[in-house]
Amino acid sequence: MNYNQNSNHNFDKRITAEKFKSFLLPRLKKLSKYTSIFIFVLLWQIFAGYVYPRFNPMAGNIFPSPIKVACMGVDLLKRGELLVSIWDSVWRVLAGFSLSVIIGIFLGVLMGLHQAVRDRIKIIIVLLRPVPPFAWIPLGLIWLGIGSAEIIMVITISGVFPMALHTLYGIEKIDLKLRQAAVSLGARRWVLLRKVIIPGMLPELFSGSRLALGFCWVVLVGAEMVGSVSGLGYLILDSRNRGLPQMAVLGMVLIGLAGFGMDHILMMVKRRLVPWSIDSGKM
Amino acid sequence: MIEFKNVSKIYQNAKDDRRILALEDISFLANSGEIIVLIGPSGCGKTTILNLIAGFIQSTEGKVLFNSRPITGPGAERTMIFQEYVLFPWYSVRNNIEFGLVPKKIPRQQRRQISSELLRLVGLEQFADFYPYQLSGGMKQRVALARALAVNPEVLLMDEPFGSLDAQARGFLQQSLLEIWGVKKPTIVFVTHSIDEALILGHKILVLSRQPAKELDWITINKPFPRDVVRDSFFQDVRVRIDNVLKDEFQDISNRDRL
Amino acid sequence: MAKCKKIISEIKKLDVIVLLLIIWEVFSRWIYPGIEPQAKIFLPPPSFILKEYWQLLSSNILFHHIAASFKRVLFGFFLASLFGVIFGFIIGLSRRAHEQLRIICNIFRPIPPIAWIPISLLWFGITEKQQYFIIFIGVLFPVLFNTSEGVYGVSAHYKYAAQALGVKGLSLVKRVVLPAALPRIMLGLRSGFGYAWFIIVAAEFVSAPNGLGYLILEGRNALVTERIFVGMITIGIINLIFYYFLTKLENWIAPWKKIAFIR
C-alpha cells in the first residue's frame, strides 16, 4: 500500500516538473525579451517612490511614480475623461492622416505621369517641406481658429510631403524590366496597371505612410498643446494648471501607446497586403 | 599541412530548434604547397569546410588540424578570399593591401614597398590610390588577392573567387593565381562549381555530395602547370569521372523536388 | 554654353511658382480686402511680407531670434550626439545590449519630445535648460538608435575578412567597425539635427522669450500675420541650407555611398 502511494507521489512531481519545462519555460523566454521594460518600470518606481523623496520631500509633486500614474489613469477612466481625450486625439490623427495620404498619393501620381509636372510640383515641395509643421500652427489658428479643424489642417500638411515623395519613388522604382517582362507576356494596359504597377508601388506607399503617420502623431501633440481644449496633448498641458504631474506622465504614456499601436496596425496591414517586402527598422 | 579527421558539423538555429547537418565524416589530408579543390553541388558545405580551416567556426565532431595543431580561431596564416571580394570601401586599394601588415608592426616605408611590389604583381600599379567602388569585379578580386598575399599566408582559402567574373577575367586570374602560387607555394584550398576550373588548378580534387556533404571522390592529378585541359585526354577521363559522380547528386535533387 | 542651358532649364521650372506668387499678390492686395475687412490678417500679400522681412532684418531683431534658436538647437544637439554616439557605439558592440536598447527605444520613440514639455517645465522651470532638455530628448533617440544599429549591423564579412588578415580586438573596432558604421551614424546625426529644428519651434511656442518659434507665435498674438510668414520662411531657409551642407559633408566622408540631395 505504502509502496504504491510513494511511487505515485514521485510520479506526480515528475509530471509537474515536465509541465513546467514544456509550458512555462518557452513563455518565460518570450517574456525575457521585455526584461528591460520591467526593469525600467521597477527602477522608476524605486527611484520615484523611495530614493528621490529622501532628498526632496516635495518629490511627489515633481516626479510621479508609476503607481501614481496608473491610479490617475483609473481615476480619469472612471470619470470618462480618459476615453474622450483618447478618442479626440485618435480621430484627429486618423482624419489628418487619411487626408494626407489621399492628397499625397494624388500629388505623387501626378508627378509620376509627366516630367514637366514633376519638376514643378517637386520644387514646390522642396520649398515647403523644410518649414516645420509646427510653424504652420499659428497660421492655422488665424485661418481656422482654435479647434479640431486647425489641428487636422496642420496634421495633413505634415503628412502630405513624405507621402507624395514616396509615392513618386514608388512609381519611379518600378523596374523598367518588370514592365517590359509583363508586356512581353501579353498584358494590356489595365491589367498592367493592376498587376504590375500598383503592387510595385505598394512597398514605397507603405513606407511613406509610415513616415507620415509618425509625423502626424508628433504634430498632433504639439498642435493640441497650443491650440485646443481637448485631446491627449491638451491633457498633458492641463496637468500644469491642475498641478497634477502624474496626469502629464499618464498623457505621455498614452500617447506613446496610441502612437505605437497605430504604427503596429499599419505594419500589420502592410504585411497582409505586401508580404514580399522587408521591414526596415529605421527611425 | 591541413588535416581533416572524421569531421562533422551540425548547425543549430538559435531561434528555433532546427539542426542542420552540413558535413558528415569528412577526412582528407592536404600537404603544404598543394592546391586542393573542393567541388560539389550548391549549398553542400564547401564553404563550411573553408570556414573550419579559417577558424571562423568549430567542428561538432572530429578534428581539424593545421600543422598537426587544432585550429582555434582565425589568423593571418590562414587567410581567406571571398566571392564578394569584401574589400574595405573606406580604404584605398593600397591601404586595403597594407591592411594586414599593420598589426605586424611593419614600418610605413616597408609597408609601402610591399604594397607596391604586390600592385605590380597583380597589374594594378596605376590604381593604387583608387577606391574599391571605382573598380571592376576583376580588378577588385585582384586587390583581394594582393591583400591576402601581403600577409604571407601559409594557407590561402578561396571561396569561389572567380565565380562572379566573366570568362576572360576568369581565365586571366586563374593563370595569375598559378604564377603567384609558383613563387612561394602556399597551400591553397579552392572552392568552385566549375569542373574545368578544378582541372586547371587542382593537385587534389575533393568531390562532395549534396547536403549533408560526404566525400564522393578524391582525385589526384600529377600533371604540371600550365595544363591543357581541353586537348589532353587525361583530363577528359577525369572530367567524365567527376561528372558521373556528380550527375547522380543533381538527379537526386531534381527527383526530390518532384516528390 | 551647356551650363547656361542647364541654368535656364532650372529657372523655367519656377514659372508656376512665380505665377502663383503673382496671383497671390493681386488677390490679397486688391480683391480680397473688398470681400473681407480683415483681409490683411488672413492673407497678407507677398509684398507686405517682404516689407516686414526687411524691417526685422535691418533692425537686427531677426538675427537676435535666429541666434537664440540656434544656440538652443546646437547645445541640445551637441549634448545628445555626444551621449548618443558614445553609448550607441558601446551598446552596438553587444548583441544582447542592442536588442534591449531596441525595446527601450520602442518605448520612448512614440512619445514625442513635445509631450515632455510640461513635465520638463516642472523640473527646470521656464529656463534655457528646459529648452536644451527638449532638444536633447528629441535628438538622443535617433542618434542612439542609429549608432547602435550601425555598429551592430556591420557586415560579418568585414569582420571575418579582417580577422583572417590578423586584425582583431580594439584594432578591429577602430579600423573596421567604426568606418563601416559611419554612414549609419551620420544618418542618425543628420536625422537628429533635422529633428531638432523640427521641435524647436514648438518648444519655443510654449516657454521661450525669444527665438524663431516665439517670433511666429508673437505674429499670431499681435495679429501681424506677416511676422508669421517671416518666421516660417526663415526656418525653412535654415533647414534647407543645413540639409544641403550636411548631405555634402556625408558624401565627403563616405564617398562610396552617395546620397541624392532631395530625398
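How many residues does the contact take from chain C and from chain B? Here are some friendly notes to read beside the model.

1. **Ground rules.** This is a predicted model, in which local features need pLDDT of at least 70, side-chain atom pairs count only at pLDDT 80 or more, and totals for chains, interfaces and linings use all residues. Residues are numbered from 1 along each chain as its sequence is written, while chains are lettered from A and ligands numbered from 1 in the order in which they are written.

2. **Where chains C and B meet.** To take up the opening question, 13 residues of chain C and 21 residues of chain B form the contact. Two residues are in contact if their C-beta atoms, placed from the backbone, lie within 7 Å. On the chain C side, helix H9 (156–163) and helix H10 (169–207) each supply at least two residues. The largest share, five residues, comes from H9(C). By class, this side of chain C has nine nonpolar, four polar and no charged residues. Ala, Val, Leu, Ile, Met, Phe, Trp, Tyr, Cys and Pro count as nonpolar, Asp, Glu, Lys and Arg as charged, and the others, Gly among them, as polar.

3. **Chain A as a whole.** Look along chain A and you will find 12 helices and zero strands. Helices (H or I, at least four residues) and strands (E, at least two) are DSSP runs, numbered from the N terminus. Of the 283 residues in chain A, 36% are buried. A residue is buried if 20 or more other C-beta atoms lie within 10 Å of its own, again with C-beta atoms placed from the backbone. Among contacts in chain A with a separation of 6 or more, 70% join residues 24 or more positions apart.

4. **Two domains in chain A.** Chain A is divided into domain 1 (2–61) and domain 2 (65–273), with bounds that come from an automatic or database domain assignment. Six residues of domain 1 are in contact with four residues of domain 2. Helix H2 (residues 35–55) of chain A gives the largest share of the domain 1 side, five residues. That side divides into three nonpolar, three polar and no charged residues.

5. **A covered helix in chain C.** Is helix H11 (residues 212–221) of chain C mostly covered or mostly uncovered? Mostly covered: eight of its 10 residues are buried, including C:Tyr214, C:Ile216 and C:Arg220. The buried residues of H11(C) pack against helix H7 (136–144) of chain A, together with helix H5 (61–92), H10 and helix H12 (225–253) of chain C. After H11(C) comes C:Leu223, with a positive phi near 55°.

Key:
Buried ≥ 20, exposed ≤ 12 C-beta atoms within 10 Å, placed from the backbone.
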